[in-house]
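Here's a quick walk through one model, going from the whole chain down to a few residues. Have the viewer open while you read.

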Amino acid sequence: MVCAHVIGLRSSVSFACTQGHFQLNVYNPVIIHNTLDAIQLLSDAIKSFDRNCLIGIKANLKRIKELLNNSLMLVTPLTKIIGYDLASKVALNAYNKNISLKDLV
């Protein structure tokens, strides 16, 4: 919701910036007001996200390592050696057999 509001504020600022004539822009108050509103909205959203979501989060390092080591994206470096077609077949085979790339290769 914050993003949609900020995008709308930016849109009105962009339009207001196009309406200046001879270095006189009567839309300057709108530009300033909407820019300050966007800054305040983003600041409040970041504070709320930090307070209500980020505080207390701890990474599950064991699970991260497990997912990283079993990722099918690890086949990417093999494309330089065995080619894209064979690397994609290896990844598909590992996926179908539900085993890691290291075990399959």
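## Overall fold

This is a predicted model, and its protein chain has six helices and zero strands. Read from the N terminus, the elements go α-α-α-α-α-α.

## Surface and burial

How much of the chain is buried? Buried residues account for 14% of the 105 residues.

## The nonpolar core

Which residues make up the largest nonpolar core? There are six of them: Val75, Ala87, Val90, Ala91, Ala94 and Leu101. Helix 5, covering residues 84–97, puts in the most, with four residues.

Ala87 is a handy one to click on. Once you set aside its neighbours within four places in sequence, Ala87 is in contact with Val75, Thr79 and Ile82. Val75 also belongs to that core.

Now for the surface. Phe15, Leu24, Val26, Tyr27 and Val30 together make a nonpolar patch of about 480 Å².

Val26 is one of the patch residues, and you'll find Val26 in the loop between helix 1 (2–17) and helix 2 (28–54). Is Val26 buried or exposed? Val26 is exposed, because its relative accessible area is 65% and the cut-off for exposed is over 50%.

## Asn34, a buried residue in helix 2

Asn34 is found in helix 2. Why does Asn34 count as buried? Its relative accessibility is 11%, and buried means under 20%, so Asn34 falls on the buried side of the cut-off.

What does Asn34 touch, not counting residues up to four places away in sequence? Its partners there are Leu9, Ser12 and Val13. To see this in the viewer, select Asn34 together with Leu9, Ser12 and Val13.

Key: Residues are numbered from 1 along each chain as its sequence is written. This is a predicted model: local features need pLDDT of at least 70, side-chain atom pairs count only at pLDDT 80 or more; totals for chains, interfaces and linings use all residues. Side-chain values use heavy atoms; hydrogens and water are left out. A nonpolar core is a set of buried Ala, Val, Leu, Ile, Met, Phe, Trp, Tyr and Cys residues joined through side-chain atoms within 4.5 Å. Buried means under 20% relative accessible area, exposed over 50%, partly exposed in between (1.4 Å probe, protein chains only). Helices (H or I, at least four residues) and strands (E, at least two) are DSSP runs, numbered from the N terminus. Contact means heavy atoms within 4.5 Å. Patches are made of residues with over 30% relative accessible area and no salt bridge: like charges are joined within 9 Å, nonpolar side chains (Val, Leu, Ile, Met, Phe, Trp, Tyr) within 5 Å. Accessible areas come from the Shrake-Rupley method with a 1.4 Å probe; for residues, only the protein chains shown count as cover. A salt bridge is a side-chain nitrogen of Lys or Arg within 4 Å of a carboxyl oxygen of Asp or Glu.
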